[in-house]
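Here's a structure to walk through with me, one interface at a time. Keep the 3D view open and follow along.

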Amino acid sequence: MRLTRLIQSATSNIPKVRRIVGAPPGTMVYTGERVMDEVHVHLTHYNAGTFETSTTLDAIPSESVGEGTVAWYDMRGLHNTELVESLGSKYGMHPLALEDVVDIQQRPKMEGYDEGVLLQLKAFSYFRDKRELHVEQVSVYLAKNTVITFQEDGGDLFASVRKRLKNASGRIRSRPADYLAYALVDNIIDNYFVALDQIEESLDELEASIMQEPKMETKALIHNLKLALLTMRKSSSPLREMIGRFGDSEHQLIGEDTQLFVRDLKDHVIQVTDLVETYRDVTNGLYDLYVSEISFRMNSVMQTLTIVSTIFIPLSFLAGVYGMNFEYIPELRQPNGYFMLWGVMLTIIGLMLWWFRRKRWL
Amino acid sequence: MRLTRLIQSATSNIPKVRRIVGAPPGTMVYTGERVMDEVHVHLTHYNAGTFETSTTLDAIPSESVGEGTVAWYDMRGLHNTELVESLGSKYGMHPLALEDVVDIQQRPKMEGYDEGVLLQLKAFSYFRDKRELHVEQVSVYLAKNTVITFQEDGGDLFASVRKRLKNASGRIRSRPADYLAYALVDNIIDNYFVALDQIEESLDELEASIMQEPKMETKALIHNLKLALLTMRKSSSPLREMIGRFGDSEHQLIGEDTQLFVRDLKDHVIQVTDLVETYRDVTNGLYDLYVSEISFRMNSVMQTLTIVSTIFIPLSFLAGVYGMNFEYIPELRQPNGYFMLWGVMLTIIGLMLWWFRRKRWL
Amino acid sequence: MRLTRLIQSATSNIPKVRRIVGAPPGTMVYTGERVMDEVHVHLTHYNAGTFETSTTLDAIPSESVGEGTVAWYDMRGLHNTELVESLGSKYGMHPLALEDVVDIQQRPKMEGYDEGVLLQLKAFSYFRDKRELHVEQVSVYLAKNTVITFQEDGGDLFASVRKRLKNASGRIRSRPADYLAYALVDNIIDNYFVALDQIEESLDELEASIMQEPKMETKALIHNLKLALLTMRKSSSPLREMIGRFGDSEHQLIGEDTQLFVRDLKDHVIQVTDLVETYRDVTNGLYDLYVSEISFRMNSVMQTLTIVSTIFIPLSFLAGVYGMNFEYIPELRQPNGYFMLWGVMLTIIGLMLWWFRRKRWL
Amino acid sequence: MRLTRLIQSATSNIPKVRRIVGAPPGTMVYTGERVMDEVHVHLTHYNAGTFETSTTLDAIPSESVGEGTVAWYDMRGLHNTELVESLGSKYGMHPLALEDVVDIQQRPKMEGYDEGVLLQLKAFSYFRDKRELHVEQVSVYLAKNTVITFQEDGGDLFASVRKRLKNASGRIRSRPADYLAYALVDNIIDNYFVALDQIEESLDELEASIMQEPKMETKALIHNLKLALLTMRKSSSPLREMIGRFGDSEHQLIGEDTQLFVRDLKDHVIQVTDLVETYRDVTNGLYDLYVSEISFRMNSVMQTLTIVSTIFIPLSFLAGVYGMNFEYIPELRQPNGYFMLWGVMLTIIGLMLWWFRRKRWL
Amino acid sequence: MRLTRLIQSATSNIPKVRRIVGAPPGTMVYTGERVMDEVHVHLTHYNAGTFETSTTLDAIPSESVGEGTVAWYDMRGLHNTELVESLGSKYGMHPLALEDVVDIQQRPKMEGYDEGVLLQLKAFSYFRDKRELHVEQVSVYLAKNTVITFQEDGGDLFASVRKRLKNASGRIRSRPADYLAYALVDNIIDNYFVALDQIEESLDELEASIMQEPKMETKALIHNLKLALLTMRKSSSPLREMIGRFGDSEHQLIGEDTQLFVRDLKDHVIQVTDLVETYRDVTNGLYDLYVSEISFRMNSVMQTLTIVSTIFIPLSFLAGVYGMNFEYIPELRQPNGYFMLWGVMLTIIGLMLWWFRRKRWL
Ligand SMILES: [Mg+2]
Ligand SMILES: [Mg+2]
Ligand SMILES: [Mg+2]
Ligand SMILES: [Mg+2]
Ligand SMILES: [Mg+2]
Ligand SMILES: [Mg+2]
Ligand SMILES: [Mg+2]
Ligand SMILES: [Mg+2]
Ligand SMILES: [Mg+2]
Ligand SMILES: [Mg+2]
Ligand SMILES: [Mg+2]
Ligand SMILES: [Mg+2]
Ligand SMILES: [Mg+2]
Ligand SMILES: [Mg+2]
Ligand SMILES: [Mg+2]
Ligand SMILES: [Mg+2]
Ligand SMILES: [Mg+2]
Ligand SMILES: [Mg+2]
Ligand SMILES: [Mg+2]
Ligand SMILES: [Mg+2]
Ligand SMILES: [Mg+2]
Ligand SMILES: [Mg+2]
Ligand SMILES: [Mg+2]
Ligand SMILES: [Mg+2]
Ligand SMILES: [Mg+2]
Ligand SMILES: [Mg+2]
Ligand SMILES: [Mg+2]
Ligand SMILES: [Mg+2]
Ligand SMILES: [Mg+2]
Ligand SMILES: [Mg+2]
Ligand SMILES: [Mg+2]
């Protein structure tokens with residue numbers, strides 16, 4: 001699990017040594033950080049009537065699947081590339097597919113192979129208090145009667161699907177493996193809306209804070225949200241194409257019965273894309289608002305300064321003149337000189353106030 | 001009815017719990033706010049010769065339609081999802097369609113099913129005084145001889161169509177159900193122009209206020225209008241595609257006679273899109289104008305300050321010099337010292353004024 | 001004739017009550033302002049050998065056209081919708097076409113009907129002194145041997161075509177009605193270049209004024225030109241498509257002989273689009289120039305202020321110190337104290353000047 | 001030859017009377033400025049073995065071409081439209097083509113006619129010292145065994161092709177007329193790189209000057225370069241399409257042997273487009289740099305002013321207080337009052353310096 | 001090897017004399033700088049069983065290749081155009097291909113000829129400490145059983161492929177020449193990620209420095225990174241098309257077995273494009289952050305100045321008034337005048353502080 005402080009996260013997704021330069025294709029290099037001690041592999045078997053589940057550490061559970069049963073392997077932790085390979089090769093995964101599973105920098109995509117289909121996408125959560133966007137790469141491999149999922153860390157992204165399977169709620173238990181793959185992807189994308197909801201709350205807070213008084217943190221928060229939305233956009237726009245290809249049943253393992261559901265899923269992906277774009281526009285609008293707020297405040301500060309200075313600087317000069325020690329200054333000898341000067345000074349003040357009001361500075 | 005203050009509305013459209021994450025597809029969750037106590041269902045029957053109407057609360061009116069009659073159910077209030085389902089299932093609405101009807105976050109779209117066509121779009125009104133954009137999702141379901149409309153709240157969006165039906169004005173009473181669906185959508189889109197007219201008035205006011213004197217509220221109003229236009233754009237651009245598919249008679253329930261009218265409707269939708277884009281450009285232009293106005297004012301304020309300070313600060317210094325109490329300052333003993341100093345100071349003032357004029361600061 | 005002051009015109013094109021909301025399609029509502037007392041209808045008959053012309057007020061001239069003669073009706077003023085309808089229906093104009101003719105908010109377009117073709121576009125003139133962009137909607141309806149033009153106001157947009165017809169100059173008299181339609185559209189588009197020329201002059205003036213000294217009006221003029229170009233762009237980009245369809249002879253009334261001329265016309269429309277885009281870029285460049293000019297000036301003003309203040313404020317402080325009335329201030333008793341202080345002060349001035357020069361503020 | 005000072009040139013390309021509004025198509029109006037007294041026509045005859053050349057003033061040279069010889073007419077100066085027409089009609093140029101040749105506002109394009117092909121494009125040179133972009137329209141008409149070129153002014157754009165012909169270097173003398181047309185266009189486009197090189201030098205200078213110290217001229221130079229690049233972009237992007245059509249041998253006069261060379265030429269045009277876009281981005285980057293430089297400087301100026309003022313204004317106030325002439329001010333009677341005040345003042349200075357340092361203003 | 005300081009590099013890629021204007025096509029002109037004394041040519045022969053390598057200076061190594069052996073010539077240094085030509089013509093390279101090899105300004109592209117395929121692209125490295133982007137053009141020519149690579153300078157870009165060949169690791173030794181070409185291009189693109197990693201580090205540093213305190217260099221570094229990313233974008237977007245054509249096996253020399261690998265390579269190129277775009281957005285965001293940081297600081301500086309000045313300027317005026325030497329100033333004679341004045345002044349200070357706090361300036 002990578003909990004990247006967002007302020008560092010837009011660029012912190014690329015590990016220092018991305019891949020071994022010039023390595024032969026199919027070389028498996030885990031490009032993420034090791035976040036778990038041992039790899040957890042969860043195996044679930046089910047059909048309309050039965051539901052079994054088992055967990056192993058750093059090993060692949062042994063299996064005896066009857067006909068008409070769907071097997072779902074859920075591997076969490078990817079640093080053990082041998083384990084990834086031995087599970088993958090059991091179901092005929094191509095070396096290039098295995099390389100992509102452990103490379104967490106993949107663009108969302110669907111790639112069809114002879115014996116299966118690989119779907120890759122990102123899971124998101126946004127922690128508003130810590131201002132962190134959590135990004136996790138998830139790979140869903142669909143083979144005959146089998147689904148293998150690969151998650152970066154131990155947190156379960158698929159809890160609600162697991163519950164539906166256990167409770168036999170909805171049609172999920174009586175459907176083939178491709179429906180499970182759909183349900184898993186749908187589950188991840190449902191979570192996008194939760195993350196976007198958090199981001200929206202942050203935008204609301206931000207807007208309110210700018211309206212009241214722009215603070216030091218404001219511009220950092222705007223920057224932070226820009227980067228979070230940039231990251232989500234990067235991942236959601238290729239998703240559209242991926243879901244499109246999924247829905248077109250491009251591979252023989254994807255049945256026509258699943259198509260209608262994937263079309264509905266596509267609607268959701270388009271909504272995500274729209275929301276991300278809208279929030280980007282809102283963020284830019286808030287930036288403009290922030291800048292114009294600062295300008296407006298500076299203008300108002302300047303006016304105050306100018307009014308005060310412009311009134312008192314000439315008056316101080318006059319006072320200075322009559323504070324001079326020349327032996328002969330006729331005005332000083334006038335009996336009412338002091339009061340006449342006050343008259344002159346009040347007149348100057350009055351004229352200036354009138355002029356400032358005309359200039360709409362007051 | 002959601003009357004969102006616009007300053008909060010760009011982001012306030014997404015309810016806190018958007019949908020139950022990982023729920024099976026077809027789960028009906030009303031994602032809006034409950035704005036009515038009871039659901040109103042209005043049923044209208046008509047053909048060229050007859051016109052009947054009836055209303056029920058929290059129930060579906062019983063019906064006995066003869067041949068050649070069109071039935072129009074108009075449900076207002078969506079929180080009672082069972083009622084939505086029982087009405088929908090009577091006309092064979094697909095579970096995914098029912099889910100979409102109660103999810104008020106839908107993108108405008110047309111979706112064809114075996115037994116009907118679902119059209120979804122937003123209705124807008126802009127309240128200039130309160131600076132509120134009211135957004136309401138409307139679903140129009142077209143089945144054989146039947147149209148079902150779903151509105152979020154009790155206000156009637158279709159008053160004028162209802163009047164045309166009652167008065168048998170125009171060709172509407174003698175046309176089939178698809179023409180009614182067209183007329184209802186056309187009615188909603190006619191209202192877009194009314195909302196845009198209000199926005200335009202606000203733009204005019206805004207422009208005038210910037211030209212006279214930018215105020216504290218100006219930037220908030222610009223932001224407000226940006227968000228309103230953003231919201232309208234989000235809904236009007238997918239409308240183009242929806243109307244296009246409507247006009248192409250993609251479904252057997254849409255007759256060829258209606259096509260020419262839908263083509264005219266498409267013209268209107270393109271006009272809406274154009275206007276929204278134009279107003280967005282105008283709003284951006286007003287933002288630039290506002291910023292340059294502030295800059296210009298600050299420049300002019302600075303010049304005033306600089307002129308006054310630059311003239312009097314050196315003169316005050318001179319006055320200060322001759323206010324010093326040194327025992328021996330030869331100038332002070334000059335009989336005409338005071339007048340000579342005035343001469344020097346007036347010369348300095350003259351030179352400065354000449355220099356400011358040359359720099360075009362005066 | 002609408003002579004909109006441009007500063008109001010970008011938004012002033014939409015009349016308060018745009019159309020009757022929910023009115024049946026084909027309802028004719030004139031959406032412009034009534035600018036003429038009576039509608040003028042000009043009828044021109046011509047063929048290679050003859051040329052006749054007549055004018056009526058608020059009536060349609062009676063007509064007796066021989067074979068091989070082209071009839072051109074030119075109606076000016078659209079508020080009398082019955083007159084529009086009775087002229088239109090004489091030549092089989094569709095109700096939707098008639099509705100569009102009197103709705104001055106049409107996007108430029110070509111629409112084909114069974115008995116004719118409707119071309120709609122805007123005519124522009126720019127009045128540099130008044131800073132007004134005049135926009136007028138023109139509809140050209142082509143039927144068999146007949147052309148009907150609809151103008152909003154009494155000013156003649158087609159004077160030069162009329163002259164060519166009268167003088168029998170060029171091939172125009174011996175060509176069919178579609179060539180006349182082409183010539184009329186070409187005439188309107190020729191005028192775009194005249195308007196753009198005026199705008200270009202304004203851009204030149206604007207540039208010169210920014211270079212010399214940005215004034216209060218500058219930003220308003222930039223805004224004004226932006227809106228004018230926005231309006232022209234809105235109308236010129238759909239023109240490209242309209243002329244393209246015209247040139248493709250999509251309708252049987254448009255002959256192949258006219259095609260080559262329309263292709264040439266398309267070149268002109270592309271030039272207009274290019275020019276509008278270029279002028280928009282130039283305008284944006286001028287805005288940047290204006291903003292940076294203001295910034296530069298403010299920087300230069302600030303430097304002056306800073307130099308003067310920074311030199312004299314510490315010196316004034318020193319003078320103030322020796323103007324204090326403490327009973328015992330040793331320096332005041334020094335016989336050369338005054339001259340020594342001058343020495344100190346001149347040294348401070350010198351150091352500051354040296355430092356400012358090093359900072360390149362001088 | 002138009003040597004437009006760039007600061008005026010973006011808009012100065014459109015002559016005051018662009019074309020006679022409403023003139024019949026094919027009307028020849030020279031829209032440029034008359035820059036030569038007499039039109040020069042250069043005729044060159046060549047084949048693999050022979051090479052002949054002759055020049056006339058205001059007349060078309062008489063000609064006797066054998067079989068297998070290519071004739072190249074090069075007309076410089078376009079104000080004599082009769083001469084243009086008599087040369088053009090000799091080789092069957094269409095009236096619309098002749099109209100375009102003398103209208104110097106053409107977009108780069110290729111237009112095929114029955115008897116020939118017209119290629120039109122712009123030639124550029126950038127004079128760095130004078131900051132002038134020189135734009136000249138060149139038309140290349142290809143007929144059977146004949147090429148006619150039209151240049152606006154007397155300067156020879158084709159000197160190097162002429163030299164290759166004379167020296168019989170390369171394959172040019174033994175190739176047909178279409179290869180000559182290719183070579184002429186290639187020659188013009190080679191010169192684009194020279195102009196871009198000059199612009200690049202200006203960008204380098206500009207960047208250096210901004211880094212050192214932004215000057216008054218800087219913003220004018222940025223504006224100047226923006227306009228130059230805008231002008232070049234306007235002409236280079238349609239060039240891509242033109243060369244594409246040239247390379248597709250759309251006309252029977254363009255042989256397949258020339259195709260490979262035109263494909264290479266297309267590469268160059270794409271490079272030009274890329275460079276222009278890159279330089280535009282660089283120019284925008286320089287504008288940002290300039291603005292942020294000014295902001296940075298102002299910030300630094302403000303800090304100096306604030307530090308000096310904030311330190312000395314309160315101190316001057318204190319000095320002023322003890323310069324007052326109240327009869328009873330106890331501090332003034334303190335024997336060490338003067339020195340105690342200096343202590344207080346130095347403490348204030350110290351605290352302020354510490355505070356400024358904490359705020360990172362020092 | 002060109003080690004261009006980035007601050008000069010965006011424009012420094014175009015040599016002063018780019019190509020001889022008007023030279024015949026196929027003229028070989030080396031447009032780079034001569035960075036090596038002698039041209040190094042490395043020849044490698046291999047098949048599944050054997051591996052031989054030899055190096056020559058300024059000469060082409062003699063060769064005796066058996067059947068089923070792949071020959072790889074690697075030429076470093078391109079100034080000796082005769083050597084390039086004699087090596088190229090040995091394998092039937094077209095003159096236009098040779099011209100492109102020595103012209104280092106090529107856009108990335110694949111060009112097919114009868115006897116071979118030419119792939120051209122850029123190699124990048126970014127030196128963070130020196131802020132230099134090193135760009136080198138690489139040409140890969142694929143002929144039958146033969147690959148020729150052309151590098152600008154002596155540094156070896158293909159070290160890891162060479163090692164894999166030597167160690168017979170992976171499938172590379174048993175595959176045909178097209179696989180070698182793929183592996184070489186893959187090697188170059190792997191290095192893009194290394195360069196992008198360095199750029200990302202710079203972005204992180206930059207972000208941290210802006211957050212702490214914007215410095216003089218900040219804006220130069222932003223500009224620097226913008227230019228680096230601009231340069232990379234210019235080269236990576238046409239790469240997509242090139243790899244696409246490579247992967248489509250458009251030429252008979254590219255076998256189907258290589259296709260799957262090239263598809264994987266295309267994924268990487270898209271990742272590069274995405275990253276470059278993302279980093280450009282991040283850079284723009286940092287620019288905004290920088291500008292708003294400066295604005296915020298200036299606002300805060302201004303407030304300090306205003307508070308101090310606004311408080312003390314009126315007080316100094318009052319002190320000045322009572323420092324005047326009028327013979328009769330009644331207040332001065334008040335026994336408690338001095339203390340009453342202090343009371344007045346402290347009241348003024350209090351009121352101002354209250355007012356500033358209300359205005360949220362404190
Ligand atoms: Mg990082
Ligand atoms: Mg990193
Ligand atoms: Mg590799
Ligand atoms: Mg993760
Ligand atoms: Mg879902
Ligand atoms: Mg749905
Ligand atoms: Mg909200
Ligand atoms: Mg919310
Ligand atoms: Mg769901
Ligand atoms: Mg609502
Ligand atoms: Mg309507
Ligand atoms: Mg219409
Ligand atoms: Mg208005
Ligand atoms: Mg209006
Ligand atoms: Mg209507
Ligand atoms: Mg009008
Ligand atoms: Mg014309
Ligand atoms: Mg033309
Ligand atoms: Mg901007
Ligand atoms: Mg001009
Ligand atoms: Mg002009
Ligand atoms: Mg004309
Ligand atoms: Mg010229
Ligand atoms: Mg060339
Ligand atoms: Mg080439
Ligand atoms: Mg350079
Ligand atoms: Mg250079
Ligand atoms: Mg050449
Ligand atoms: Mg290099
Ligand atoms: Mg690779
Ligand atoms: Mg891969």
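**Where the chains meet**

Let's start between chain E and chain D, where the count is six salt bridges, a salt bridge being a side-chain nitrogen of Lys or Arg within 4 Å of a carboxyl oxygen of Asp or Glu. In one of them, the side chains of E:Arg107 and D:Asp274 come together with N and O 2.7 Å apart. Before going further, a word on ground rules: this is a predicted model, where local features need pLDDT of at least 70, side-chain atom pairs count only at pLDDT 80 or more, and totals for chains, interfaces and linings use all residues. Residues are numbered from 1 along each chain as its sequence is written, chains are lettered from A and ligands numbered from 1 in the order in which they are written, and side-chain values use heavy atoms, with hydrogens and water left out.

Back to that interface: 69 residues of chain E touch 68 residues of chain D, with contact meaning heavy atoms within 4.5 Å. Together the two chains bury about 6000 Å², and 62% of that is on carbon and sulfur atoms; buried area here is the accessible area (1.4 Å probe) that two parts lose on being put together, summed over both. There are also 16 residue pairs in polar contact between chain E and chain D (both at pLDDT 80 or more). A polar contact is a pair of N or O atoms within 3.5 Å; within protein, one must be able to donate a hydrogen and the other to accept it, and residues adjacent in sequence count only if both atoms are side-chain atoms.

Which helix gives the largest share of the side of chain E that touches chain D? That's α7(E), with 17 residues. Helices (H or I, at least four residues) and strands (E, at least two) are DSSP runs, numbered from the N terminus. By class, this side of chain E has 35 nonpolar, 16 polar and 18 charged residues, where Ala, Val, Leu, Ile, Met, Phe, Trp, Tyr, Cys and Pro count as nonpolar, Asp, Glu, Lys and Arg as charged, and the others, Gly among them, as polar.

Look for A:Phe296, A:Phe317 and A:Phe326: they supply 12% of what chain A buries against chain B, more than any other three residues. The rule finds six salt bridges across this interface, and B:Glu111 pairs with A:Arg263 in a salt bridge at 2.8 Å between the closest N and O atoms.

How do the copies relate? Chain A can be laid on chain B by a turn of 72° and a shift of 0.0 Å along the axis, with an RMSD of 0.1 Å (least squares on the C-alpha atoms of residues with pLDDT of at least 70 in both). That is the relation of a five-fold axis. A:Gly323 comes closest to the rotation axis of the residues of chain A, at 4.6 Å (C-alpha). Only 14% of the interface residues of chain A are also interface residues in chain B, so the copies meet through different surfaces.
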